[in-house]
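Work through the exercises below with the sequence and the 3D structure open beside you. Try each task before reading its solution.

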Amino acid sequence: MLKKLLLPSIFILLAYGFWISPDFKVIAAGIAVFLFGMLCLEQGFKVFTGGILEQLLNRTTRTRTGSFSFGLFSTAFLQSSSLVSVITLSFLSTGLITLIQGTGILFGANLGSTFGTWLVATLGLKVKISTYAMPLLVFGTLLQLQKNRQLKGCGFAILGLGFLILGIHYVKEGFETFSNGSGLLAAYSDEGHILAFVLAGMVLTVLMQSSHALLVLTIAALASGQLGYEAALAMCIGSNIGTTATTFLGSISAGSDGKRLAFAHLVFKMVATVIILPLLPLFILLNDELAALLGIAATDYTLKLALFHTLFNLLGAVILMPFLPQLVKKLQRMFLTKEEGNTLPLSMPDGQTERAIYLTDAAQNHPEAALKALQQECARLYRNTVTLICFGIYLNSEQLLKSRDLVALTSDRVPPWPDWGINKLYKRHIKGIYNDILEYSSVMEGELDRHQSSELFATKLACRNFIEAVKDLKHLNSNMARHIHSDNALVREQYNQLRRRIAVTVKEIQIISDNGPDEVIASTDQLKLRLHQQDLLTSGELDRLIQSGEVDSFVASSLINDNGYVHTICNSLIDGAVIVMLGGNADIMRLDEEDPSPTFDQFDTPEPRKKSRSGFTIINGRR
């Protein structure tokens, strides 16, 4: 109800302001133009946040200092802490960066955002930069009309810069001619209504979704005498707290790590606020002393406001950066989801359908992050597929991945097995994820370049391979259910060999996933060759059994069909897994230390697995 009333209330208040004051129209229009410029600037820079940004992230964020520096300089260049926050959220939610890297980037972005305040305080109000706005708008429009994606992005960025300058000009002009109630806000600030101005700064930043816009408004009001110095500093504090709303809004669809990052952003701002606000007079004296050392005139309140903004964010960084690992550990215990700690879920088919967990709206804003999200979801689809296939051939996937003796594991002593239909399990654990992948892919297709489109096609092909494997499993399972308990020991052994062939393939894929790209291709070629040699028809084993009369024609026809299903299942798993591995997701069969095993309540819990540091199960001394 409150949300429905908010927008009409804002419209009414703005209409009232337009009616009582022509100068208010100019100020409001200036803020609107400035915000539109921010949107254009963000739209333009999004074009260049693909592979280049990912490479910069990989190279510069390996240390806390590198992450902080990346956030600092990227925000100073992009002039949008909101854009950097959203990019960080999207890359964090897809695993391109860790939580500690994302937190470091966000802390640096807070300090980088102060660069814009310095620009507005020095050039925006003291130099007539509005003369540059019109040429920028003309050139930006011409470039934006081009079909080339890079040129269009440059056009949006230039348009954004032009609108930013024009917006600052109108805000400045509006306050310079503002006469009604002149000095009213300054009078209130003299009475000590500091907390009210902090609250006003928070609310206005949340409404405008831009701390830059509020600081432009504050600096213009301060320069024209409409706002007192202390009140302007309080508005600055409020805007810093209010800017966390952007991160919180972006974290809604970014998973648990996104929520942790948003909370870290709030902690950063609140630590600085809790220290500075009670001691504001002392920090004003400190700010004035620093201003004097930097050669800033005592009456140049706009530059002193920019210095205070920098001091505020620098204080938060100095206090929290040394304790960043401890903060991240605390955050990792918060906002746990059901999906976390349950990498390979397989439970009774009567339950809620599994859906994608990596395909967030935050990732979709950036092609490189969206592709990474799809690759992670594809790897998850593979894990669920393997678990379902193991279930369909009467194997516990957890036991398979830790076992050193496949012969014993695939013996003819099959324990009592739950009668869960493969089709129902497919609908619960596979179909929903696959549908989400296809839908997410269709939305992305128009936003990708040629290379990214190729990656998308490969990921979709991998997912289709996994689905084909499950479809063949449905046919295989019905025959295996009959023959795995056959009175004929020879028939049982033949079906155990089919089970063993799938089990070996799954384990080999797990081992191969720890190799480099060249080794992956060579190893999978060898694996496919061995599968071809083990094929019942290729090896001539089936012909020998028929000719010797050891199996009748009915069993022989079943073996021929099931041999084909097993061959297709193994090759589909290999083809899909190779695509995922070469796409940068080598840990397709990773089981985290704290992850529970798949839910097979009918069996004894296996002994804990021995693991390597990387998280891969160790098999015969190999990972």
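**Exercise 1. Find the ring over which Lys474 lies, and give the distance to the ring centre.**

Solution. The model examined here is a predicted one. In this model Lys474 lies over the face of Tyr426, at 4.4 Å from the ring centre. A charge counts as sitting over a ring if, for Lys, the NZ atom is within 6 Å of the ring centre and within 35 degrees of the ring normal.

**Exercise 2. Classify the aromatic pair of Phe107 and Phe268, and say which parts of the chain the pair ties together.**

Solution. Begin with the count: the structure holds four aromatic pairs. One of them is formed by Phe107 and Phe268, with 4.8 Å centre to centre and 40° between the planes. Planes under 30 degrees apart would count as stacked and those over 60 as edge-to-face, and the pair of Phe107 and Phe268 is tilted. Next, place the residues: Phe107 belongs to helix α6 (residues 99–112) and Phe268 to helix α15 (residues 255–276), so the pair ties together parts that are 161 residues apart in sequence. Finally, consider accessibility: both Phe107 and Phe268 are buried.

**Exercise 3. Describe the largest nonpolar core and the surroundings of Ile502.**

Solution. The largest nonpolar core has 91 residues, and Ile502 and Leu573 are those with the most contacts inside it. Helix α20 (residues 367–392) supplies the largest share of this core, 14 residues. Leaving aside residues up to four places away in sequence, Ile502 touches Ile389, Ile393, Leu476, Val566, Ile569 and Cys570. Apart from this core lies another, of 46 residues, including Val198, Cys236, Ala291 and Leu311.

**Exercise 4. Which residues of α8 are buried, and how are they placed around the axis?**

Solution. In α8 the residues Ala133, Leu137, Gly140 and Gln144 are buried. These residues cover an arc of only 70° around the axis, which puts them on the same side of α8. An α-helix has 3.6 residues a turn, so residues three or four places apart point the same way.

Key. Residues numbered from 1 in each chain as written. Predicted model: local features only at pLDDT ≥ 70, side-chain atom pairs only at ≥ 80, totals over all residues. Heavy atoms only, no water. Phe/Tyr/Trp six-rings, centres within 6.5 Å; stacked < 30°, edge-to-face > 60°. Helix = DSSP H or I, 4+ residues; strand = E, 2+ residues; numbered from the N terminus. Buried < 20%, exposed > 50% of the residue type's maximum accessible area, 1.4 Å probe, protein only. Core = buried A, V, L, I, M, F, W, Y, C linked by side-chain atoms within 4.5 Å. Contact = heavy atoms within 4.5 Å. Arc of directions from axis to C-beta.
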